[in-house]
Amino acid sequence: MSELSRTQSATSRRPDRAALAVAVFLGGLAGLIFWDSSRLSAMANYSKIGPATVPFVIAWCLLGLAIWTAVAAFRSEFPARERQDIPPVAWIVGGLVLQMLLLRIAGFSIATGLLFAFTAAGFGRRKLWITIPVGIVLCLAVWLIFAGLLQLSLPAGPLEHLFF
Amino acid sequence: MSTFEFLLQGIGIAMQPMNLLYALVGVTLGTAVGVLPGIGPALTVALLLPVTYRLDPAGSLIMFAGIYYGGMYGGSTTSILLNTPGESASIVTALEGNKMARKGRGGPALATAAIGSFVAGLIATIGLAFIAPFVVKVALVFGPREYFALMVLAFVTVSSAFGDSTLRGLTSLFIGFALAIVGIDQLTGQARMSFGVPDLLDGIEVTTLAVALFAIGETLYIAAQGATGPDKVEAVKGSVWMTKQDWSRSWKPWLRGTLIGFPIGAMPAGGAEIGTFLSYATEKRLTKHPEEFGHGAIEGVAGPEAANNASAAGTLVPLLTLGLPTTATAAIMLAGFQQYGLQPGPLLFATNPQLVWGLIASLLIANFMLLVLNLPLVGLWVKLLTIPKPWLYAGILLFATLGTIGANPSVFELGMLLGFGLLGYIMRILGYPIAPVVVGLILGPLAEQQLRRALAISQGDPSVLFTSPIAAVLLTIAALALIVPLILRARGRGQVLSQLAASED
């Protein structure tokens with residue numbers, strides 16, 4: 001009995017910070033919806049049920065879930081988490097950001113080829129001088145199939161203009 | 001016309017050469033993508049949606065049917081040859097199937113999975129054809145409040161009835177709802193949650209969200225596990241053909257699996273997993289070889305695999321007849337319908353019978369094609385499994401972004417893809433289920449529409465929602481499905497429920 005209560009008090013002293021962050025996020029999301037819908041209901045207050053009704057309900061529920069999550073965080077009710085290795089995640093996110101920024105300027109093949117190489121790097125293939133050309137050639141082939149044959153509108157850059 | 005005539009007419013449509021070609025391309029692509037480790041049926045369908053963009057609605061939906069069945073089949077190959085318990089629908093197949101493969105009986109395991117899937121798919125698709133018109137008749141008397149109650153029930157079962165936490169399931173669902181209200185309100189035309197950003201006025205694309213959560217979130221999660229050794233792919237040794245004994249031990253589990261899987265899929269309760277677990281438990285109890293269970297019993301592959309496919313076909317009952325997706329895969333298929341301005345539901349059966357029956361018939365054809373295609377091509381699928389992780393995931397992200405760019409080549413859309421990818425990654429770390437977000441996004445607006453219609457009819461009186469007997473019963477079931485698991489978990493009996501969790505499809 002005493003041991004049980006001791007472990008309980010020990011865990012309750014250290015709330016789960018990630019879960020608390022989720023609670024704050026949910027609360028923030030609820031606040032955002034409240035703020036946005038109050039603007040709406042000012043515009044459409046002639047009817048009881050309007051475009052703001054459902055967002056208000058959702059926001060209230062999110063607020064409730066935020067409180068529930070916070071309580072669960074203090075009780076440490078969340079499952080154990082596996083250790084996360086951050087560098088691979090950074091490689092892949094970096095690849096996605098690069099693709100996003102370069103898509104308009106450099107075209108589909110170069111931008112997505114870089115994403116390809118960076119993702120491979122995230123999984124341990126760090127020889128970028130090999131993976132970048134491989135990625136670009138592969139993406140060019142994909143571009144030729146999808147933009148050429150299936151007529152998908154994929155942005156063209158200098159490389160693609162060599163073909164079309 | 002009777003169901004039989006409709007079905008014959010549908011087969012006529014599906015047998016047109018172009019449509020046969022679409023079905024063939026669909027099953028091949030679906031299997032090839034579904035086989036890749038880490039890609040479940042939901043992601044398979046989301047990734048391949050762009051391939052169908054330029055086809056006419058009928059052709060595209062027929063290809064889709066092939067992709068859906070192919071993806072389901074591919075997943076079971078993966079779990080037999082590569083022990084990946086991450087994919088929930090075929091997790092049970094992995095239990096016995098992988099053990100069989102390790103004993104050098106991978107061939108018969110694949111064969112019983114393939115033939116079992118075929119038998120189940122055949123019976124369940126015919127079941128779908130005969131049940132659908134009946135459900136449509138029932139659905140015609142449904143008004144807005146009954147639809148709303150039905151959707152509430154689907155929300156509860158998808159998010160919180162199964163899985164290991166009511167809190168996290170509901171949170172996922174409400175994140176989906178929050179994303180669903182972004183864009184122009186369908187009834188009044190006012191912009192909500194779009195903060196003056198024109199890109200947000202159209203709302204958030206279901207495919208963008210699904211691809212981001214499943215493909216990018218999953219890739220980030222796998223990458224963050226660091227360098228783990230290569231997964232061991234079991235070689236298929238010896239004959240792929242089943243012996244006489246294999247046949248006699250398989251046929252009953254196939255039929256039982258179908259009987260268990262189909263009704264579970266057809267109910268608005270979601271998840272192919274429940275059926276597979278029930279089927280596994282049944283086979284374990286009825287078998288004459290209990291000592292083999294856990295060491296590669298063929299019944300343990302045949303039954304669950306049949307149940308899996310039968311409930312995949314069953315899921316199409318609420319999807320086609322009520323427009324109600326109960327799994328993430330069905331939610332993405334609904335998005336596929338919507339891109340052609342088609343809303344599945346009782347009306348679609350009346351306004352576009354050729355399309356619906358053509359689709360049902362092509363499911364039958366896809367099923368035949370898979371049987372013919374898969375056993376001879378097993379060697380090719382095994383090769384796909386051996387793609388090293390860096391290339392595999394680099395390729396997955398290539399195609400994930402390709403789909404988004406192809407649908408909407410804007411930097412903003414790619415930014416959303418990245419943002420939701422990170423959201424999916426964080427949710428994955430913290431143990432939040434993904435499927436409820438996707439279902440919430442697509443079903444949320446439909447539920448809101450029905451709710452507001454119901455309330456408009458009653459001039460704002462919310463009691464109208466409970467006063468129809470059908471709606472009252474549905475809402476009561478929904479309330480029970482929310483409360484009973486809460487009590488079970490509080491009493492420490494949650495393990496059973498978390499085993500039944502529908503984590504992906």
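In chain A, helix 4 meets helix 5 through A:Phe108, A:Ser109, A:Ile110, A:Thr112, A:Gly113, A:Leu114, A:Phe116, A:Ala117, A:Ala120 and A:Ala121 on the helix 4 side, and A:Leu128, A:Thr131, A:Ile132, A:Gly135, A:Ile136, A:Leu138, A:Cys139, A:Leu140 and A:Trp143 on the helix 5 side. Residues are in contact if their C-beta atoms, placed from the backbone, lie within 7 Å. The model is predicted: local features need pLDDT of at least 70, side-chain atom pairs count only at pLDDT 80 or more, and totals for chains, interfaces and linings use all residues. Residues are numbered from 1 along each chain as its sequence is written, while chains are lettered from A and ligands numbered from 1 in the order in which they are written.

**Helix pair in chain A**

- The residues of this contact between helix 4 and helix 5 of chain A comprise 14 nonpolar, five polar and no charged.
- Helix 4 of chain A (residues 86-122) packs against helix 5 of chain A (residues 128-149) at an angle of about 135°, and their axes lie 7 Å apart.
- Helix 4 of chain A is therefore oblique to helix 5 of chain A.

**Chain B: composition and dimensions**

- Chain B contains 22 helices and two strands, as DSSP runs (helices H or I, at least four residues; strands E, at least two).
- Chain B is as compact as a globular protein of its length, because its radius of gyration is 22 Å, close to the 23 Å that the globule rule gives for 505 residues; the radius is taken over C-alpha atoms, and the rule is 2.2 Å times the number of residues to the power 0.38.
- Along the principal axes, the C-alpha atoms of chain B fill a box of roughly 70 × 55 × 50 Å.

**Chain B: contacts**

- Among contacts in chain B between residues at least 6 apart in sequence, 81% join residues at least 24 apart.

Terms used: Axes are lines fitted to C-alpha atoms, for helices over the stretch in contact, and angles run from 0 to 180 degrees between N-to-C directions. Angles under 35 degrees count as roughly parallel, over 145 as roughly antiparallel, 65 to 115 as roughly perpendicular and the rest as oblique. Two residues are in contact if their C-beta atoms, placed from the backbone, lie within 7 Å. Ala, Val, Leu, Ile, Met, Phe, Trp, Tyr, Cys and Pro count as nonpolar, Asp, Glu, Lys and Arg as charged, and the others, Gly among them, as polar.
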